[in-house]
Structure formats: C-alpha cells, structure tokens
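The sequence and the structure come first.

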Amino acid sequence: VDRDALARGPRSLWRYAPLLPTENPSEAVTLGEGWTPLIPVPRLGKALGLHNLYVKDEGRNPSGSFKDRGASVAVSRYRELGIRTVVHASSGNAAAAWSLYAARAGIECVNVLPQDALDSSLVQCVLAGARTVIYAGPWQDSRDVAQAATARHGWFDVMTLREPYRMEGKKTIGLELAEQLGWRLPDVLVYPVGSGLGPLAIFKAFRELQELGWVGDTTRPRLVAAQYEGCAPIVKAWRENRERAEPWPHLDVLPGGLKGARPAGDRALLALLRATGGAAHAVSTSDALAAAAEMTAEEGVFPAPESAITFAAARMAVADGTIRSEETVVLVVTATGLKSIANFAVPPVERLPVGGTITAGVPVGARSS
Ligand SMILES: Cc1ncc(COP(=O)(O)O)c(C=O)c1O
C-alpha cells in the first residue's frame, strides 16, 4: 500500500480501503461518510491557553454522527458474509446510522432504544424501515435484551466488541487525523466515551500507522476520556485506579448518546489511559450545554452536548497538567448539535412586527466580546 496514493482516493473513509476488511470495496455500502474536516479552533485554544487546538468535525457524516463509520464498514462486510438481520441496543445515534446503512444494503436492522430517545434519531430509524423497539426497563439491561433476541432468532449481534468490523470503521478517524496532520499523530486526543470503542479504534489506527512506518515519530498520543458526571464509570474507575469499571447504577444524562453504564471496552480503555499517560474527566450536563454554546459562538462549530464535553474536559486536563500549551490537541466532535436540538433552550430572538424595520445596533444573541 502506497501512502501517497491515498491522496488520489475517494473523499470518504473508503480512501483507506486497503486497510479495511472488505473483500470488494467497490461494492461498499457508502453514503460518503468520513474524510471529515480537521478544523483549527484558535479562539477556543486561546480560551484554554493552547496554541494548536483542533476539532475533528464528525457532525458532517451522513446521519449526523461518527457512528456512520462503523456502520458503513461493518454493513459492507456483513453483506459480503450474507448476514441478513443485525440487532443492537443504542442510545440513538448508532441506531440511526445503522438503520440508514442497513436500508441501503438491503439488510434488516433491529434497534433497541431508550425511552428518552431523541426524535432526530427515532425518525431516521423509522423512516429507514428499521424495526425499532423502545425498552421500558433500566438502560443498563438493554444489551441483555438485544442479546436475548440474538440467541432466540439467530440474528447477528453488532454491539460494541461483539464483532470486529465496527472498530475497523471507527479506526478511520485515526487514519484521517494522521493524514490531515501531514502524517503526524496529535499529542492529545480528547474523546467523549460511551462504550469506549471509539478511542480503542483510533489508537488501533495509530498503532497500525506506526507499524506501517507511515508516521514519523513513535510517540503515542495521550488519551483524555470525557464522560457526563451522571454516567461516568470510566472516570470513577480511573480515579480509583481499577482495571475494570463497575456498572453505573443511576443514569443522569441528557437524552442522546453517552449512556454507557456498563462499558464493554472498560478494561482495554483503562489500560489505554494508563499506557498513554492520559486522564479521565467528568462534566456536568449544564457545563456540556455551556461548552456547546461557547464552541458555536467562538468558532461556528455546532456540536451535540455529548461532543462538547470534550472542550470542558480539555479545560480540566490543561488545569491538571495532562495537556501542555504547545501540544497538538484534537477534540473529537462526534455528532452535530442538529441531532440534539431538543436539548438546547431556544434563546430569545428579536420579533419584527409587520411594517417594522430592523434597527442598527447589537442584535440579541450577539457575542458580548
Ligand atoms: C454523539 C456520541 N458521542 C460519543 C459516543 C460514545 O461512543 P463510543 O461508544 O465509541 O465510546 C456516542 C455513543 O453513545 C455518541 O452517540
């Protein structure tokens, strides 16, 4: 595989087809996912005292979140393998992504969703024709519900770390980061952790790139894991220096992603945090919404609150010395704020009566700076 030939490949994650597990990439189930922009965010950097801060904007993916990567690669491979029905429990974004790609592939998709699933995801699932079931019990049990259906009906379980191909799709974030930084790895990656698959996949990519000799140095970036305070099993285990995370008893998070109360990737993720000298921080839901507002006002990047916790966590990691000012730091914005509109209070806007004119002056909602 020639590193420089990739630049002539498609402007999607399928530019990395030689590093992906499908036999026939020309038959891939694709909607143009991946190859999302890596955006310098100097104003946000200044607010944290960082000189090289970037956002990897995964909100640009077809369904509005990074979940499209795992869905595109895995569904492509399943179609090759003749799999007919996939099933999973999802807080919403993965269900939306899988429903769209399954529809395109002609595969049946069964989603188990929580009671507070956002309409944005629900509509994507249902319009795509996926069988969509809202589970009334505690969300901690949802994986068991989906697994029971797998056993009973012979469906294929696509939940985190139950099969290998989602990870292969998600690793393309890491491949893109390296290529977009001129075949260098960032110093720090800040990621909003649910099940933990995303960072495990990205660091798999970093390892593969080092083995291929495609990235100059051999230093491994540090991982900063961010979670909501109301579902922070990884942060708790990290603080207590444990090897496994305990199930999180009571979820208190915003509707949307990051409901990983029993994160399947806990052991590997905690090992990765230790091995990379990283850190883990928990962010309140009000700080998440405030961070989303600050990112939007300062840089025009409109993240979902789940994704905005990366900015709040980066601030904490600067304060505790995990991140230093000259380092290259990437916040992974895993989903667009458009998937999470219901979580944002609509701010006051000017009302113009019929016949009125728009006056000069500072409009409502303008930046105070
Ligand atoms: C927007 C968003 N960000 C991040 C995550 C966490 O992803 P992972 O399961 O890869 O840790 C999720 C999944 O819940 C999500 O929906």
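Is Phe302 buried, partly exposed or exposed? The model is a predicted one. At a relative accessibility of 29%, Phe302 counts as partly exposed, because that class lies between the 20% limit for buried and the 50% limit for exposed.

**Aromatic pairs**

There are 7 aromatic pairs in the structure. One of them joins Trp183 and Trp214, whose ring centres are 5.5 Å apart, with 80° between the planes, an edge-to-face arrangement. Trp183 belongs to the loop between helix H7 (172-180) and strand S7 (188-192), and Trp214 to the loop between helix H8 (197-212) and strand S8 (222-228), so this pair ties together parts that are 31 residues apart in sequence. Trp183 counts as buried because its relative accessibility is 11%, under the 20% limit. Trp214 is also buried, with a relative accessible area of 7%.

Phe302 pairs with Phe344: the ring centres are 5.4 Å apart and the planes stand at 45°, so the pair is tilted. This pair links distant parts of the chain, 42 residues apart. Phe302 sits in the loop between helix H11 (285-299) and helix H12 (305-319), whereas Phe344 is in the segment after strand S10 (328-333).

Elsewhere, Tyr78, Trp98, Phe156 and Tyr165 make up one aromatic cluster.

**Charge over rings**

Arg15 has its charged end over the ring of Tyr16, at 6.0 Å from the ring centre. The charged end of Arg15 also sits over the ring of Trp35, where the distance to the centre is 3.8 Å.

**Ligand surroundings**

Around the ligand there are 18 residues, of which Asn93, Gly194, Ser195, Gly198 and Thr334 come nearest. Backbone atoms of Gly194, Gly196 and Leu258 lie at the distances below from an oxygen atom of the ligand.

| Residue | Protein atom | Distance to a ligand oxygen atom |
|---|---|---|
| Gly194 | polar backbone atom | 2.8 Å |
| Gly196 | polar backbone atom | 2.9 Å |
| Leu258 | backbone N or O atom | 3.1 Å |

On its own, the ligand has 400 Å² of accessible area, and the protein covers 96% of that area.

Note on methods. Residues numbered from 1 in each chain as written. Predicted model: local features only at pLDDT ≥ 70, side-chain atom pairs only at ≥ 80, totals over all residues. Heavy atoms only, no water. Phe/Tyr/Trp six-rings, centres within 6.5 Å; stacked < 30°, edge-to-face > 60°. Helix = DSSP H or I, 4+ residues; strand = E, 2+ residues; numbered from the N terminus. Buried < 20%, exposed > 50% of the residue type's maximum accessible area, 1.4 Å probe, protein only. Lys NZ or Arg CZ within 6 Å of the ring centre and 35° of its normal. Near = heavy atom within 4 Å. Polar contact = N/O pair within 3.5 Å; in protein donor to acceptor, adjacent residues only side chain to side chain. Areas by Shrake-Rupley, 256 points an atom, 1.4 Å probe, with all protein chains shown as cover.
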